[in-house]
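Visitor: I am new to reading protein models, and I would like to go through this one slowly. Could you take my questions in turn and show how each answer is reached?

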Amino acid sequence: MEFSELAHIWIIVCPLVFLGGLIDAVAGGGGLITLPAYLLAGLPAHIASGTNKCGNAFGTVLSTGRFLKRGDVHISSAVAGAVGALIGAWAGARLNLIMPEQMLYYIMLAVVPVMAVFLLLKRDFGQEDRSGELSRGQLLAMALGIGLVIGGYDGFFGPGAGTFLMLAFTGLCRFDLLTASGNTKVANSASNLASLVTFALAGKVMWSVGIPAALCGIVGNYVGSSLALKGGAKVIRPMFFVVLALLLARLIYGLLS
């Protein structure tokens, strides 16, 4: 590929990957912006998916490191969630081969508005950590189940998986939004890195695009994680509505196209 063609792709992809990384670090769902960026730049679907993982994986790892350094991660439940996400993503990918994707569009179109209304009405959602109300066994089992179910969704469909992880860690494990965000980063890092290796081994990563995009994703994740760590729920909660609106638009587009 000539330099002029690469430069054209970089101009489209890099700013959007920065924005996606920022949003992903705060509330998850950055893939709703980054994957379409590669498709818009003209990359074939499988190459776009693989290169997207390259662009996102390293930024997510950086965000994970910052949350770990600050101690805003519940380690044991985060690891359980990561293990569940890896298994669930594999199962979801297999399910994708036998189940019509259209069915999931209709399910999600019903779920997303309900989630938005819930967040609007429950203004104290994720304000304080109540995970101590659960025993260690209950917490680990819940985290593993969250990883399995949402990892399955991620493997089958994908968009907004990080947001759903964060909402589940908050609503079911009863973490505050900041700790839930840290746990989500651990699970997402494991899933993204595993996916990147899989795509790379299959030759589906365009490194000349993925590496510059990864640098932009790292910067975006750094800025986003700074906002999340400093602002906590005040920053994270409003960003949920942005991601849910993007997801709803993505679902409607998928049904109409």
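Visitor: Among the elements of the chain, which helix has the lowest mean pLDDT, and which the highest?

Guide: This is a predicted model, and the mean pLDDT of its chain is 83, with 92% of the residues reaching 70 or more. Among the elements, the lowest mean, 71, belongs to residues 101–121, which form helix α5. The highest mean, 90, belongs to residues 207–231, which form helix α9. The lowest is therefore found in α5 and the highest in α9.

Visitor: How many disulfides does a search of the whole structure find?

Guide: In general, a disulfide is a covalent bond between the sulfur atoms of two cysteines. To count as one here, a pair of cysteine sulfur atoms has to lie within 2.5 Å. For C14 the nearest cysteine sulfur is that of C216, at 3.8 Å, and C14 is in no disulfide. Over the whole structure, the number of disulfides found is zero.

Visitor: Does C173 count as buried or exposed?

Guide: The term buried is used for a relative accessible area under 20%, and exposed for one over 50%. For C173 the relative accessibility is 0%, so C173 counts as buried.

Visitor: Which residues does S63 touch, not counting residues up to four places away in sequence?

Guide: S63 is part of helix α3, which covers residues 45–70. Its relative accessible area is 0%, so S63 is buried. When residues up to four places away in sequence are not counted, the residues that S63 touches are A25, K185, N221 and S225.

Visitor: Which residues of α1 meet S181, K185 and N188 in α8?

Guide: Helix α1 covers residues 3–27, and its axis comes within 8 Å of the axis of α8, the two crossing at roughly 125°. That angle makes α1 oblique to α8. On the α1 side, the residues that meet S181, K185 and N188 are D24, A25 and V26.

Visitor: With which residues is A180 in contact, leaving aside its neighbours within four places in sequence?

Guide: A180 lies in helix α8, and its relative accessibility of 0% is why A180 counts as buried. A249 is 69 residues away from A180 in sequence, and the two are 25 Å apart in space from C-alpha to C-alpha. Leaving aside neighbours within four places in sequence, the contacts of A180 are M166, F169, T170 and F175.

Visitor: Where is D72 found, and which residues does D72 touch beyond those up to four places away in sequence?

Guide: The place of D72 is the loop between α3 and α4. Its relative accessibility is 13%, so D72 counts as buried. Not counting residues up to four places away in sequence, D72, in the loop between α3 and α4, touches F67, L178, T179, G182 and L229.

Methods. Residues numbered from 1 in each chain as written. Predicted model: local features only at pLDDT ≥ 70, side-chain atom pairs only at ≥ 80, totals over all residues. Heavy atoms only, no water. Buried < 20%, exposed > 50% of the residue type's maximum accessible area, 1.4 Å probe, protein only. pLDDT = per-residue confidence, 0-100. Contact = heavy atoms within 4.5 Å. Axes fitted to C-alpha atoms, helices over the stretch in contact; angles between N-to-C directions. Parallel < 35°, antiparallel > 145°, perpendicular 65-115°, else oblique.
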